[in-house]
Amino acid sequence: MDTENELAPSDDTTDPAAEHRPVQWGKVIALVGGQGMSLSGSYILLIAMNWTAIGLGGSSAVTTLMLAATVPRALMLVFGGAVADLFGPRFVLLRTTSARVVVLVAGAAVVAGAESLWPLVVIAVLDGVLFGLASPAVGSIVPKLAQRAHLARANSLYAMVLRVAPIVGSPVGAWLIATGELWQALLVTALTTVVWLVCLLHATRDLARPKNAVADRGLLKTSADGLRLLATHGRLRWMFVASLCLDMAFGWPIDVALPLLVDDRGWGVAAVGVIIASFSGGALCASAVGAVLAHRIPVLIRLVVSGAGIAAGIALMALMPSVGSLAVVAAGVGVMSGFNGPAVVTVYQQAAPASRMGAAMSTLSLASIGTGPVSIALFSSLAAGLGLRTTWLLCAVLALAAPAAVLLALRHPESPRNTGTEADGAEPARPEDRAPDAPRPSAPHPTSAPA
């Protein structure tokens with residue numbers, strides 16, 4: 001299928017020089033900056049709502065609230081990718097973001113005069129639905145703003161935003177709920193969402209609704225495209241496995257085992273903050289370096305070497321005898337994660353067909369969002385019989401499977417055209433988009449895979 005006309009002509013005037021820029025930094029910065037404001041607002045809301053729920057019903061209320069937010073979000077991720085492919089990311093994001101502003105403002109009005117849990121649950125459900133619908137669309141925009149050889153730089157900058165948002169949003173949320181009321185936190189979150197909406201208007205200005213065969217297939221059929229891609233495209237399949245293994249390996253040690261380890265060794269709760277801060281600092285530094293130099297760092301280093309380093313670091317964290325040594329190792333794991341995470345997303349985006357980018361990104365998002373509860377349940381059960389340290393080391397072994405999966409992924413050709421799936425609508429890479437170390441279609445060797 002010819003995809004040169006995948007995007008319909010826009011009513012806006014497109015800058016001809018933009019097509020020749022390695023990265024459209026103005027739009028990328030607007031996109032990631034607005035997303036950073038929105039995510040910071042989301043963490044403000046998370047802390048404020050959870051703390052309010054504790055006062056209304058204790059731990060059971062918090063559990064109910066978290067389920068109300070996460071289950072709709074995970075379900076809508078599947079349809080979110082299909083909607084983005086059918087109608088275009090601009091169409092999806094402008095409407096879901098506008099709807100979120102309305103939900104937050106209306107929610108502030110309701111909770112200002114109510115002292116019960118149900119308004120919080122309704123807000124959490126609606127917010128989770130809108131977030132799930134919008135998330136794949138954000139991931140499908142970045143490849144439109146950066147040439148393939150420089151896509152890792154844009155993703156590294158985006159990764160920085162993901163790291164900074166909880167650092168900024170969580171304490172602000174705690175302060176707001178400690179000095180004010182929940183409705184105030186809702187209005188602050190609504191304000192950050194308005195900023196995100198304004199940034200989206202600029203970042204997606206030249207993106208029009210797609211006009212291709214996808215629009216004729218319907219929402220239900222399109223929603224399964226992500227799974228079809230995994231079944232037919234070897235590179236996407238193994239990159240999905242790599243992401244799944246890393247997220248599974250990270251979930252339990254950070255969320256459950258680390259506080260237990262600190263408590264068992266009598267280090268005090270402040271040690272948890274020091275260790276997590278060290279990890280976040282390392283990841284931020286690596287993401288900053290990646291935003292400038294990722295296109296010059298070989299893909300094997302950013303994916304395979306960093307993945308092996310993450311696995312080794314997870315193992316060492318379980319064996320460190322002091323807070324200082326554990327914090328140093330955590331910082332090293334953060335550095336490796338700062339290179340690895342954006343690289344996984346980049347290779348996935350480079351391999352996904354342009355007309356199925358939303359479906360592909362929704363599937364990759366499920367690998368992270370869906371693994372948290374599974375990781376906690378699985379490894380908590382194992383720890384009850386095997387002990388904390390042994391189970392932690394098992395997580396490191398699982399993480400080691402990720403670089404092995406990456407090596408298998410890079411042995412497959414990048415473009416679906418090379419696997420006989422022209423119908424997927426993949427657009428062949430232009431010469432100027434090919435990374436310096438990218439292979440010719442006939443030489444899919446891992447040492448020469450695209451950056």
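Searching the whole structure, a predicted model, turns up three aromatic pairs. Two of them are set out here, with the ring geometry that decides how each is classed.

| Pair | Distance between ring centres | Angle between planes | Class |
|---|---|---|---|
| F87 and F91 | 5.1 Å | 25 degrees | stacked |
| W252 and F379 | 6.2 Å | 40 degrees | tilted |

The F87 and F91 pair counts as stacked because its planes are 25 degrees apart, and the cut-off for stacking is under 30 degrees.

The charged end of R73 lies over the ring of F131, at 4.3 Å from the ring centre.

Now to a serine worth a look in the viewer. S287 sits in helix α9, which spans residues 270-293. With a relative accessible area of 0%, S287 is buried. Which residues does S287 touch, leaving aside neighbours within four places in sequence? They are S156, A159, M160 and G338.

Finally, the cysteines. C245 is buried at 12% relative accessibility, and C395 is buried at 0%. The disulfide count for the model is zero, where a disulfide would need a pair of cysteine sulfur atoms within 2.5 Å.

Definitions and conventions. Residues numbered from 1 in each chain as written. Predicted model: local features only at pLDDT ≥ 70, side-chain atom pairs only at ≥ 80, totals over all residues. Heavy atoms only, no water. Helix = DSSP H or I, 4+ residues; strand = E, 2+ residues; numbered from the N terminus. Buried < 20%, exposed > 50% of the residue type's maximum accessible area, 1.4 Å probe, protein only. Contact = heavy atoms within 4.5 Å. Phe/Tyr/Trp six-rings, centres within 6.5 Å; stacked < 30°, edge-to-face > 60°. Lys NZ or Arg CZ within 6 Å of the ring centre and 35° of its normal.
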